[in-house]
Every structure is written in structure tokens, then in C-alpha cells.
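Please look over the sequence and the structure shown below before reading on.

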Amino acid sequence: QPYEFGNLLHELFHDFLGVVTGRGERPTSSALPELEAVAARHLARYRDRVPPPTEASFEAQREELLAACAILLAGEEREAGGRRPRFFEVPFGMPEDDGGPAGSALPVEVDVSSGRFLLRGRIDRIDEAGEGRWSVWDYKSGSQRRFRDETALDKGRRLQHVLYARAAESLLRSHGENVKEVEAGYIFPTRRGTGWRFVPPPLSRSRVDGVLTDLLDLTANGAFVHSPDPEDCQYCDFREICGDVEKISERAGDKLADETNESLQPFRVLRGSRD
């Protein structure tokens, strides 16, 4: 399944980059045979755990995985610049996981203008980009479509990069690293993604805080709003629960249009946002 393929990519890149950077080397295309050997070991393990229905389906996904290996290394050579991969699969707020050299068993506390909340997750990769400068990356095995044509926060739909940037800032400082600037973005290391790397345009902390506050206010009001745009439901795993998405989205639009429904005002602000 797509999520299993994504997990396989994460584990593969984690193991390979950890070994390469542990030797003090940078990942380049010359290391492709080594990466392919690591991929073969992971494939064998996954094949035992998730038996393929046919040899043809296994071979197709094997080719996709090997293509992703080549795409990742080509991107490392093309885009790395002065960046150096440092930390991988960094957990925070997950006491069952080994935090490694940069993780934390405790969640990260995120301050916003209206208060604070606790955040847990796992950062795929953190690169050192210079004196006090860091880059946070998340691997995406799917399509670029929703990332190319939308704004930085996609009106509150896309928050991972800004939240993980704040989490990385806190984690790195707590581990004694010099932190002056943290950027965050996405790597698409598959044929579908063509190796594209996307760093959303920077936003002020106050602008991000405003979007987070609107989302938190909705939750505090008990308003768990269905999207008025049925396109938002296209790839949702739970759309069968909702039933007729077109009708429900239409009803959601009617509720938003009712200005007397004050609990939905933060959502109106979000959908009217430039970000």
C-alpha cells in the first residue's frame, strides 16, 4: 500500500544516510550501489512481512524503490549546497522511541499569541546548513500537486513544515546546538515527485500564530468543520463515513455563509486568508 511504500522509503533513507554521514561523507551518486544494497535488504524484510500478490507487482515496486534511490542521490548532489545531513527520524513526545542524539521523550511546547499547546511527532531529517542555520525535511512519496499551486499554509491545511521547524528549533537548542535560523520543506524522492524539493515561502511568526490560533479556537468552540470544498476530500481515507461528499460540502458552505454562526468565524478567516 502507498503508506507502506512510504514507510519503506523512510527506513531505507534513514539507515543509508546514517551510515554515510557517520563516516563523515556526503551522499552522492557514487554511493548508489551501496544504497541499492541497503534497499535490497529492506525489500527482503518487507517481502516477508507484506507478501506480494504476484511477482510482477513485487518487481514493479522494486523498480520504483530503486528509482527513488537514484533520484534521492541526484537531488543530494544538485540541491545540497552547503547542507550536511545530521539527524534522522527524530522523535519528540514519543517515549516508546529511542530519541537518538536530537530527540526527546517529552513533547515540544509550542507558544502562540493566545497560549500554548504540546506537540508530538517525528522529523524525517535535519540538515546543518551553515553557522547556526538548519534545514528540516519531510519525505513525500506522493504527488506534488497540492504543493505546487497552493500558498505556504494552504489556508490552514498545511502546517507540518512550520510546526516541525519550531520543534526542531527547540530540540536542537536543548541539545546544545547553535540555532539562528530554521527552514523547513519537503523532498519528493520518487518518479511521481521527480526529486523536487520545496521550501515554502517564509512567513512571520505572528502570521503563523494567527493561523494556529484560528484552528485552536475552532477546536475550543467544539466546531469540527467539514470542508465546503469537495476537492479536500479526494484523498481522504474516511470519505465513506461521510457519505455523499458533494452534499455535505454544500451544507458546510451554507453554514459558513450564515454570519450569525459565530463559532465558525475562525474558519471564515482561514478560508479568506492569503496564506
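Predicted model: local features only at pLDDT ≥ 70, side-chain atom pairs only at ≥ 80, totals over all residues.

**Cysteines**

- A disulfide is a covalent bond between the sulfur atoms of two cysteines, and the structure holds zero of them.
- Cys-236 is likewise in no disulfide, and the cysteine sulfur nearest to that of Cys-236 belongs to Cys-233, at 6.2 Å.
- Cys-236 counts as partly exposed because its relative accessibility is 36%, and Cys-242, at 34% relative accessibility, also counts as partly exposed.

**Salt bridges**

- Side chains of opposite charge can pair when their charged atoms come close, and the structure holds 26 salt bridges.
- One of these salt bridges is formed by Glu-76 and Arg-197, whose closest N and O atoms are 2.6 Å apart.
- Because Glu-76 lies in helix α3 (residues 55-79) and Arg-197 lies in strand β7 (residues 197-198), this pair ties together parts that are 121 residues apart in sequence, and both Glu-76 and Arg-197 are buried.
- Another salt bridge joins the side chains of Asp-138 and Lys-140, with an N to O distance of 3.1 Å; here Asp-138 counts as buried, at 8% relative accessibility, while Lys-140 counts as partly exposed, at 23%.
- Asp-154 and Arg-158, which are both buried, form a salt bridge in which the closest N and O atoms are 3.9 Å apart.
- Asp-154 and Arg-158 also belong to one network, in which salt bridges that share partners join them with Arg-157, Asp-232 and Arg-271.

**The surroundings of Arg-125**

- Arg-125 lies in strand β4, which covers residues 121-130, and Arg-125 counts as buried because its relative accessibility is 0%.
- The side chain of Arg-125 makes a polar contact of 2.8 Å with the side chain of Glu-76, the residue that also forms a salt bridge with Arg-197.
- A polar contact of 3.2 Å joins the side chain of Arg-125 to that of Tyr-139.
- Leaving aside residues up to four places away in sequence, Arg-125 touches a set of residues that includes Leu-17, Leu-72, Pro-85, Phe-87, Phe-88, Trp-137 and Ile-187, and Arg-197 is also among them.

Conventions. Residues numbered from 1 in each chain as written. Heavy atoms only, no water. Helix = DSSP H or I, 4+ residues; strand = E, 2+ residues; numbered from the N terminus. Buried < 20%, exposed > 50% of the residue type's maximum accessible area, 1.4 Å probe, protein only. Polar contact = N/O pair within 3.5 Å; in protein donor to acceptor, adjacent residues only side chain to side chain. Contact = heavy atoms within 4.5 Å. Disulfide = S-S within 2.5 Å. Salt bridge = Lys/Arg side-chain N within 4 Å of Asp/Glu carboxyl O.
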